[in-house]
Amino acid sequence: MSIIGGEAIGTALLILLGDGVVAAVLLNKSKAQNSGWIVITFGWGMAVMVAVYAVGQYTGAHLNPAVTLGFWISGVIKGGDVYKYLIGEFLGAMTGATLVLVAYWDHFRETEDPGLKLAVFSTGPAIRNYALNLATEIIGTFVLVFGVLTIAVSNKAGVGIIAGGGGLIVGLLVFSIGLSLGGPTGYAINPARDLGPRIMHAILPVPGKGPSDWGYAWVPVLGPLIGGALGALAYNWWYPF
């Protein structure tokens, strides 16, 4: 399987199951409506686990441009492969978001609040403060990339991302980040996860949708990239071998 194909499949699964649990909790007349933040964070963690096990043996299952950036900085992948990962991640994210719209079409129609509909596709801050929102995304992604590198990097830690319970551990790491750091911004911690679905929200005929909040869209892109780079640099400093 090619890098582009593998990352597209993995990221599509990630977004289908991740945005899917958000839709289940937020949209009207869903059987899971109002089941809460723990359901959303657990659902995202399990989405990561499924995606990692699905394609990890082919691509390493980055599923996230911030992880790809961190792996490149740490020397895990070659610079010439970076664009392949990015193409696959964004294609997969857009595909997964489209499938969520299909699965929950009637529930989008039954939901009046356009803000809830946008929240299915992309993140938004609980309190809009761009500097602190950016800091939150940097911190969360730092934890993600540093954690993934300590768990999974083959050339330093001696194990693969899918070795043993690696996929489950990465899923639990994302679950933990969501519980502990997700409250302020909805923890995008992944530029493709936020921007890909936001683009689809803008161009797809989502029933009764409002604006796609492009004024905030740079935060869940720039923040995770900075956090991912810092996480990789910290890993290289802490594990210089």
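Colleague: How many aromatic pairs does a search of the whole structure find?

Modeller: Rings of Phe, Tyr and Trp (its six-membered ring) pair if their centres lie within 6.5 Å. Here the search finds eight such pairs. This is a predicted model, where local features need pLDDT of at least 70, side-chain atom pairs count only at pLDDT 80 or more, and totals for chains, interfaces and linings use all residues. Residues are numbered from 1 along each chain as its sequence is written, and side-chain values use heavy atoms, without hydrogens and water.

Colleague: What kind of pair do F108 and F121 form?

Modeller: Look at the ring planes. Under 30 degrees apart counts as stacked, over 60 as edge-to-face, and the rest as tilted. F108 and F121 are tilted, with 5.8 Å centre to centre and 40° between the planes. F108 lies in helix α5 (residues 105-110) and F121 in helix α6 (residues 114-121), so the pair ties together parts 13 residues apart in sequence. Helices here are DSSP runs (H or I, at least four residues), numbered from the N terminus.

Colleague: Are F108 and F121 buried or exposed?

Modeller: Buried means under 20% relative accessible area, exposed over 50%, and partly exposed in between (1.4 Å probe, protein chains only). F108 is buried, and F121 is too.

Colleague: Which parts does the pair of Y130 and W218 tie together?

Modeller: Y130 sits in helix α7 (residues 130-152) and W218 in the loop between α9 (191-203) and α10, so the linked parts are 88 residues apart in sequence. Y130 is partly exposed at 32% relative accessibility. W218 is partly exposed as well, at 38%. Together with Y216, Y130 and W218 form one aromatic cluster.

Colleague: At what angle do helices α1 and α2 pack?

Modeller: Axes are lines fitted to C-alpha atoms, for helices over the stretch in contact, and angles run from 0 to 180 degrees between N-to-C directions. Helix α1 (residues 3-26) and helix α2 (residues 37-59) pack at about 165°, with axes 8 Å apart. Angles under 35 degrees count as roughly parallel, over 145 as roughly antiparallel, 65 to 115 as roughly perpendicular and the rest as oblique. So α1 is roughly antiparallel to α2.

Colleague: How do α3 and α10 run relative to each other?

Modeller: The axes of α3 (residues 65-73) and α10 (residues 219-238) come within 8 Å and cross at roughly 30°. The two helices are therefore roughly parallel. Contact means heavy atoms within 4.5 Å. Residues making the contact include L69 and I73 of α3, and L225 and L233 of α10.
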